[in-house]
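Open the model in your viewer and keep a selection panel ready. The tour goes to the ligand site, then to a sheet.

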Amino acid sequence: MNALHRDLKHLVPLVEGLGAAQAAADPHRQRLHIQPPVGWLNDPNGLCRVGDTYHVFYQYGPFDPTSGVKHWGHVTSTDLLHWQRQPVALYPDEPFDCHGAYSGSALYEDGVLWLFYTGNVKLPGDYDHITAGRENNLCLATSRDCITIDTKECLLHTAEYPAGLSCHVRDPKVWLQDGTYYMVLGARTLEDRGEVLVFASEDKRQWRHINTITTPEPFGYMWECPDLFELDGQWFLLVSPQGIPCQNVYGCGYFPLYGDFRGAYTLGEYRPLDGGFDYYAPQSFTDGDRRLQFGWMGMPDAPYVNPTLAYGWQNCLTFPRQLRREGDILLQSPAVELKALRGAPAALAAGSRLEVSPCFELAAAPEGSFSLTVAEGLTFSYDEASRTVLLRFTDPAAGAGRDQRTLTLDAPCRSVQVLADASSLEIFLNEGAVVFTTRYYPQPGPVSLRLEGASGTVWPLSL
Ligand code: FRU
């Protein structure tokens, strides 16, 4: 254990203890979502299930609610609902990761948890830190008890990546397939093109570059947090592309991938994974027979804010979502475990108003245009003629800088499921073919709902 590790291991719990009461006093503190005890959270990392325990790690800045040097926070659960805080797993405490233990993924094998991540290092000097002056090293940490890290090492230095790349090469997602380990890394080329590098390994330590996946025409300058998996016979590549035209600062979406990711492939049509304000850098894993996904309920460099900052913390993950597919379309829906949180259902008749707990689930099966007003602060509406949905904040305080987002659906909207927590809404349309995810900041206390053009059922949710 080096001295920096020892000091950080001592300091983080102190800082968490100092900020705990302030964070707990926040009326917008989430109840059903994974959030940092204090400070900043971004991407989900290292998602896996070991025995009956789910492990979720996340990018964590304990010292700075506006970001800071990234650690890996860690929570565990046996039901995807109740999360237990674990000690920080990865500290930025080695020369190869000293400016951030950036995003990555997990593999559990032979009684060992293997965590692959990016070691971020910003070299001192007059650099742009894009084409020069930055290391994004491929790092490996191992743990036998899945809580305490036993070893940390650098597997590939930035200089060892293929030629033609900028210093931005990161976010390893690793999986085992037919006896070979595969890894995808997100990359930005020196010509400012986003792409995904595919590597293979026989031993999890020696990695060779075997392919590069990108679009025929440039599509953004950087692809962050790639995820590549087969779902029910179809491959999908998920990326968070930067520099594409979209409503948010950065994109987050997927391509169906035809052919072989190791050789000749074609990417199908890109689709956004979310139409809301706060969704980025999702990661998925299988827990046996289903593929689950968490996303970061946030957006880098967004012009809007989170008033939770005044209470010393910021951001959360999405509720776990199960992925399914319908043809080339990915469907996202809240993990079925959510149903265990439902209290007594209440009917929400068309045109009526209901006061509910801030944590609620709403389900409706509209047959035409409808609009849902939540907390007199935002309206979610669907217009059948144009098949357009519009999420619009009517109360600036509830939006904290968020204004409106819109999408046009491929098919008429026939199902709506809303999952609300104290300061977030996740709205699933057409069985999750289209999702809107947003933070929102209603007045503390019960939340009013008004549904026009459709009727629904509302359940209060509690742990
Ligand atoms: C995405 C990202 C990743 C990086 C991490 C750093 O939000 O920028 O590319 O590994 O966040 O926190």
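Select the shell around the ligand: by class it has four nonpolar, three polar and five charged residues. Here Ala, Val, Leu, Ile, Met, Phe, Trp, Tyr, Cys and Pro count as nonpolar, Asp, Glu, Lys and Arg as charged, and the others, Gly among them, as polar. The shell residues are N42, D43, Q59, K70, Y102, S103, R170, D171, E224, C225, Y280 and W296, each with a heavy atom within 4 Å of the ligand.

This is a predicted model, in which local features need pLDDT of at least 70, side-chain atom pairs count only at pLDDT 80 or more, and totals for chains, interfaces and linings use all residues. Residues are numbered from 1 along each chain as its sequence is written, and side-chain values use heavy atoms, with hydrogens and water left out.

Next, show polar contacts (pairs of N or O atoms within 3.5 Å). Ligand oxygen atoms lie 2.8 Å from a polar side-chain atom of E224, 3.1 Å from a polar backbone atom of S103 and 3.4 Å from a polar side-chain atom of K70. The protein buries 92% of the 320 Å² that the ligand exposes when taken alone (Shrake-Rupley method, 1.4 Å probe).

Now select the sheet of five strands (DSSP runs of E, at least two residues). This sheet is open and mixed, in the order β4-β3-β2-β1-β20, where pairing requires at least two bridges found by DSSP. β4 (84-90) and β20 (313-314) are the edges; each has a single partner strand, so one side of each lacks a neighbour in the sheet. Zoom to β3 (residues 71-77), which pairs with β4 in the antiparallel sense over four bridges. W72 has L90 in β4 as its bridge partner.

Conventions. A polar contact is a pair of N or O atoms within 3.5 Å; within protein, one must be able to donate a hydrogen and the other to accept it, and residues adjacent in sequence count only if both atoms are side-chain atoms.
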